[in-house]
Amino acid sequence: MVIENKFDTNEVALIRKAINEWVVASDSDESLIFTEEGFNNPGEFTVYDWRKERDFGVIFKGFSTDIGYKQIVAERGGKHFRGLAGGGNDNILMVSDRIDSEELFYKIILHEIGHIHGLSHMEGGIMEPQVKRDGCIHEVDIKQFCEINDCGPNARSTCED
Ligand SMILES: [Zn+2]
């Protein structure tokens with residue numbers, strides 16, 4: 001995936017940490033999402049076309065003032081969001097002005113990366129539709145993950161580390 005160059009160094013570090021947390025939880029490098037930071041032309045992608053399927057995924061940084069964001073909210077019947085996976089679950093949109101802490105940013109990116117790995121919403125873990133659990137991968141999350149992805153023998157929740 002390409003991490004849009006609007007993200008600052010700290011946000012990029014949190015994205016990489018979340019990718020790694022899924023690798024640790026699944027005990028498998030197969031869950032590793034290779035990322036590349038930014039691109040040469042900052043205008044290359046916009047929130048308008050964030051759901052387009054491509055040869056590679058993009059992690060977009062958007063704002064609630066973006067027309068693209070407003071369009072999606074309208075399509076969702078006025079339902080706002082902080083993060084969303086789309087484009088055949090290849091892309092992620094992080095709505096930065098609706099995310100007010102590092103902790104929340106981390107929970108949301110962990111959740112959205114779950115979608116990138118094919119996970120659906122489920123109660124009791126990080127895949128709850130309204131992200132409110134600890135910023136770790138719960139038993140229910142890793143169980144769902146391993147049903148659809150390859151996991152190693154030591155796949156586990158990361159919540160008690
Ligand atoms: Zn979700």
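Q: What do the buried residues of α3 pack against?
A: The buried residues of α3 pack against α1 (9–26), β4, β5 and α4 (139–148), where two residues are in contact if their C-beta atoms, placed from the backbone, lie within 7 Å. This is a predicted model, in which local features need pLDDT of at least 70 and side-chain atom pairs count only at pLDDT 80 or more, while totals for chains, interfaces and linings use all residues. Residues are numbered from 1 along each chain as its sequence is written.

Q: And which residues in α3 are buried?
A: They are Phe105, Tyr106, Lys107, Ile108, Ile109, Leu110, His111, Glu112, Ile113 and Gly114. A residue is buried if 20 or more other C-beta atoms lie within 10 Å of its own, exposed if 12 or fewer, and partly exposed in between, with C-beta atoms placed from the backbone.

Q: How far apart are the end C-alpha atoms of α3?
A: The end C-alpha atoms of α3 (residues 102–116) are 21 Å apart, which agrees with the 21 Å that its 15 residues should span at 1.5 Å a residue; the expected span is 1.5 Å times one less than the number of residues. Just after α3 comes Gly118, with a positive phi of about 95 degrees.

Q: OK, switching to the sheet, what is the order of its strands?
A: It is an open sheet of five strands in the order β2-β1-β3-β5-β4, with mixed pairing, and two strands pair if DSSP finds at least two bridges between them. The edge strands are β2 (36–37) and β4, each of which pairs on one side only. Helix α3 packs on this sheet, touching β4 and β5, and its direction makes about 15 degrees with that of β4. For that angle, axes are lines fitted to C-alpha atoms, for helices over the stretch in contact, and angles run from 0 to 180 degrees between N-to-C directions.

Q: Which strands do bridges join to β5, and do they run parallel or antiparallel?
A: Four bridges join β3 (residues 58–62) to β5, and these two run parallel, whereas the four bridges between β4 (residues 83–86) and β5 join strands that run antiparallel. Leu93 in β5 has Phe60 opposite it, and Leu84 also stands opposite Leu93. Gly86 has Asn91 in β5 as its bridge partner. Strands β4 and β5 form a hairpin with four residues between them, and Gly87 in the turn has a positive phi of about 65 degrees.

Q: Is β5 mostly covered or exposed, and which way do its residues point?
A: Strand β5 (residues 91–95) is mostly covered, with five of its five residues buried. Asn91, Leu93 and Val95 point one way, while Ile92 and Met94 point the other way. In a regular strand the side chains alternate between the two faces of the sheet.

Q: Back to helices, which residues of α1 are buried?
A: The buried residues of α1 are Glu11, Leu14, Ile15, Ala18, Glu21, Trp22, Ala25 and Ser26. They cover an arc of only 120 degrees around the axis, which puts them on the same side of α1; the arc is that of the directions from the helix axis to the C-beta atoms. These buried residues pack against β1, β3, α3 and α4, and the face turned away from them carries the exposed residues Thr9, Asn10 and Ala13.

Q: Which residues are buried in α4?
A: They are Asp141, Ile142, Gln144 and Phe145. Seen down the axis of α4, the buried residues fall within an arc of 160 degrees, so they line one face of the helix. What covers them includes α1 and α3.
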